[in-house]
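Here is a briefing on a structure, grouped by topic. Read it alongside the sequence and coordinates.

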Amino acid sequence: MSARTRELFALIPVAILLVAGFTAVFVVRSDEIGDLSLIYGGYFLALCLAAHILLRIRLPNADPYLFPLCALLAAVGLVVLYRIDDALAGKQATVFLLGLVLFALTIIFLRDYHVLERYRYLIALGSIGLLMAPLLPGIGGQATNGAYLSLDFGPLSFQPAELAKIGVVIFLASYLAERRELLSVAARRIAGVTIPPLKHFGPLLVVWGAAMVMLVFIRDLGSSLMFFGAFLAVLYVATARISYVLAGAALFVFGAAFFSSTVPHVQDRVDIWLDPFAANAPEGAGQLQQSLFAQADGGLFGTGLGESLLRLPGPFFPESCTDGFPFCGSILPEPHTDFIYAVIVAELGLFGGCALILIYALIAARGFKTAVMAPDGFSKLLAAGLTAVFALQAFVIIGGVTKVIPLTGVTLPFVSYGGSSVVANLILIALLLLVSDRARRPQPTGSPGSPVVS
Amino acid sequence: MNVPIVRIFAVVLLGFGSLVYFTSKWAVFDADALEEKPENRRPVIEEQQIPRGDIRTVDGVLVAESLPQGRGPNAVFVRRYPEGPLFGHPVGYSFVEVNRTEIELSENDLLVGEENEFETIIDQLRDVPQEGADITLTIDSEAQRIATDGLESAVAANSGAFPGVGGAVVAIEPDTGAVRAMASAPGYDPNTVQNEDEFSRLQTAQGAPLVNRPTQSVYPPGSTMKVVTAAAGLDSGEITPDTVINADSPKEISGVPLQNAGGESFGDITATFALTNSVNTYWAQVGERLGTDTMVEYMKRFGFYADPELDYPGNQMAPSGAINSAGELVEDGFDVGRVAIGQGGEEGQALASALQMAQVAGTVANGGVLMEPTFLQEAKDPDGRTIEELDPEEQNRVISEESAATLTEMMTNVTREGTASDLSVDGVEFAGKTGTAEIDVQEGINQPWFIAFAPAQDPQIAVAATVERCNGCFGADVAGPIATAVMESLLE
């Protein structure tokens, strides 16, 4: 069976899940939602099929499971959004159209992704610019929960960090692919610790500095953890030196500890994380409390789709809520974005939550496998870096919602409502598929060293 | 470069593992603790979305219902009590603002339709929303009204002299334990407590209207305690109805002289005569002959020294017994002669609730067997299936059938020719015992009691009634008429 046929079969569970989920939600809430909105599901499945046909034509050898796994996540997201508010599911399905257009453009116009290496400094500058843009007056958005994460263009809002994370990984992969020999060959050893030449290490200190700057100016611990984690992953793959990683992690922890005690917003987040039920917990502790309460409602199997308490009923609904549910008037704040994982655990239970985490783990497995199979240094670093940043993003937001780490405002990839996240992550997957297609392309017979991995 | 990639994947899996661990912590292992956090409004809100079952009396009067506020799937249900103050006690209230009490609390699981896990899954599959069961109380609305009216007029007559004075009436079916009436004065209207200002006013109001006196307040039972002493004496073989004891006044009891009412000396009299005329010195001597251990043993058999086994919130019931000045139940070291006649001192004073004394009468009426008291006649689920039904349960055999029959005859003599001879119950022969606990001898302040059951030979109903304070009065003229009126209404 060819890779693409396996991909097609792997899309069948996606279709089943989507149909079953939409039906379940519709049955439970038919008195609130119109049957017209059921077509959002069909609309999404048609898009998946179109993407599959594109892959069949352009990347026949690419990993067969990456795209269906992402489609599965998106299907879960659509079903849960449909349960929260059917109009949101409609908008999200439309966002997938835009995302898949960019996915297609990436695949069509970037057949040789090595061109990215040539523009690495431009990409790096662009990424940092994107990250800093929310601080600019005019297009800079309001601080969301105290963090500067979004750009507002009239009705449209865009989270530049989503796109910037790809740019940063491309830059790091390209830079380290070139310098890795120099970095890993020890120049000096002082007291048993390998110190690379400062000339080569300098730009990497800049990356650490950038992460700290993000912490201070954008005031978001989660994004900066995501970026710096990806950096450490790429650095480790490039140099295979655990000492660099430990030194980097120590620097980050030191910096984060220092800044979290000086930047009030970050300090609050850490305090809430340490004890969300403290009598003097900072404002915003209620969000995490509600997240835990929602999960406690779920138990092993959950309350069932549409059955948990979300919209505040009758007299509990705040009169000040003019934006409408789910933007306010929900017992769990931001159920469609930051806290969608808590909704999933509440309604699908511990099993639902674990299944979702398993899908992310499988995507990580396929991504790292792609990195292992990739033929050259840049490809390996790019695949490993993109996979790491993707997995870290899922970890940072689920970890925040479950009180593993302080809560921050990143989206749950492919599941949360929001255009920039879907678009950026589809581009990320497109890049991984490009690397994968190159890695798994059958070599001309007789050429030595061709990987034979299915 | 491949080894680091595999290691990073391992780290990623470790991270995801921690997510699974924490999710299971919140969703399963710590879920109960989280659900009980005061910050968690979910249980309260979810319960408001469930139509709570109706509460009716056994004769079909609607006592509590849930009315929807708002429409569609976002409606919440709010409690309404059509009869107002009449059932404020013992039904209580249930509002999200002030929580719930009394029967609304003790029968909460039935009223909100808490079912077992299996039925919940079946209902989910059938798409049946959770709905509470309707319950029928054993209370008779007419008897409740008569008890409340009688009590309130007695209280009103004395509230001038004693501001905030209250009283309690309990009527029990002897052979089933079914509570047929339970009145507490002063009362309150449960519809008003939803207003938090009104609620806090009631909490500190004079006379403590939110206290359900029949179960929560213990008082000196006065001479009604002599029924317990007589039961213990007869059943233990210490006395017979004809046992003669000298009942002059005063008599030294625990080294302190004890007077009969009015200082009257009776000479050598029988037990029947001593109960009929409520002779203190006779029964105090019986108490001393029985001794503390036997007296406490029989009190425990009657249900003293523990909360009544009523389906009612534990914090809204108080145990009866010998209680010292620190408010502790004591089983020895007290003046057993005085406790035997419903009195006592700092080291131990007989104190009993109206419910306890109604159970004493009910036990004698039921041939010496104490039945578990209950409020629940029946519970029906929303489909009309009966899910619970009154199932009379014996709590204890207190005295033998012969002792009970003898005591019944002695108590019947009280209403024939004794302290209660002015009382009548529709011409039916009935058994009773008056009590007049002296609260302040100098001022002549008493607490009147009457316990009774009727008809004497085929008892249908047992009653205890008490009013907290009156001046220069007796059990037979203040508490007696309330008790007989309640019995009359329940014998019809």
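A:K403 counts as buried, because it has 20 C-beta neighbours inside 10 Å. Buried here means 20 or more other C-beta atoms within 10 Å of the residue's own, exposed means 12 or fewer, and partly exposed is in between, with C-beta atoms placed from the backbone. This is a predicted model, in which local features need pLDDT of at least 70, side-chain atom pairs count only at pLDDT 80 or more, and totals for chains, interfaces and linings use all residues. Residues are numbered from 1 along each chain as its sequence is written, while chains are lettered from A and ligands numbered from 1 in the order in which they are written.

- A:K403 has a phi near 65°, a positive value in a residue other than glycine.
- The residue A:K403 lies in the loop between α14 (377-401) and α15 (419-440) of chain A. Helices (H or I, at least four residues) and strands (E, at least two) are DSSP runs, numbered from the N terminus.
- B:Y305 is not a glycine either, yet its phi is positive, at about 70°.
- The loop that holds B:Y305 runs between α13 (280-302) and β13 (321-323) of chain B.
- B:Y305 counts as partly exposed, because it has 17 C-beta neighbours inside 10 Å.

**Cis peptide bonds**

- B:A185 and B:P186 are joined by a cis peptide bond with omega of about -5°.
- B:P186 sits in the loop between β8 (179-185) and α9 (196-204) of chain B.
- Another cis peptide bond links B:A454 and B:P455, with omega of about -15°.
- B:P455 belongs to the loop between β21 (445-454) and β22 (461-467) of chain B.

**Around B:T412**

- B:T412 is part of helix α16 (residues 401-417) of chain B.
- B:T412 is buried, because 21 other C-beta atoms lie within 10 Å.
- The C-alpha atoms of B:T412 and B:A454 are separated by 9.5 Å, although the two are 42 residues apart along the chain.
- Neighbours within four places in sequence aside, B:T412 is in contact with B:E429, B:A431 and B:A456. Contact means that the C-beta atoms of two residues, placed from the backbone, lie within 7 Å.

**Sheet in chain B**

- Six strands of chain B form an open sheet with mixed pairing, in the order β3-β2-β1-β6-β17-β18.
- β3 (76-80) and β18 of chain B stand at the edges with a single partner strand each, so one side of each is left without a neighbour in the sheet.
- Strand β2 (residues 62-69) of chain B runs antiparallel to β3(B), and five bridges join them. Strands pair if DSSP finds at least two bridges between them.
- B:P68 stands opposite B:F77 in β3(B).
- Strands β17 (residues 376-380) and β18 (residues 386-389) of chain B pair in the antiparallel sense over three bridges.
- B:K380 has B:T386, in β18(B), as its bridge partner.
- β17(B) and β18(B) form a hairpin with five residues between them, and B:G384 in the turn has a positive phi of about 90°.

**Interface between the chains**

- On the chain B side, 39 residues are in contact with 48 residues of chain A.
- α1 (2-29), α2 (31-35) and α3 (42-48) of chain B each supply at least two residues of the side that touches chain A.
- α1(B) gives the largest share of that side, 19 residues.
- By class, the side of chain B that touches chain A has 21 nonpolar, 12 polar and six charged residues. Ala, Val, Leu, Ile, Met, Phe, Trp, Tyr, Cys and Pro count as nonpolar, Asp, Glu, Lys and Arg as charged, and the others, Gly among them, as polar.
- Helix α13 (residues 340-373) of chain A and α1(B) have axes that come within 10 Å and cross at roughly 175°. Axes are lines fitted to C-alpha atoms, for helices over the stretch in contact, and angles run from 0 to 180 degrees between N-to-C directions.
- That makes α13(A) roughly antiparallel to α1(B), a label for angles over 145 degrees.

**Nonpolar cores**

- The largest nonpolar core has 157 residues, and A:V343 is among the members that touch the most others. Such a core is a set of buried Ala, Val, Leu, Ile, Met, Phe, Trp, Tyr and Cys residues joined through C-beta atoms within 7 Å.
- α13(A) supplies the largest share of this core, 18 residues.
- A second, separate core of 125 residues includes B:I146, B:A232, B:V279 and B:W449.

How values were computed: Parallel < 35°, antiparallel > 145°, perpendicular 65-115°, else oblique.
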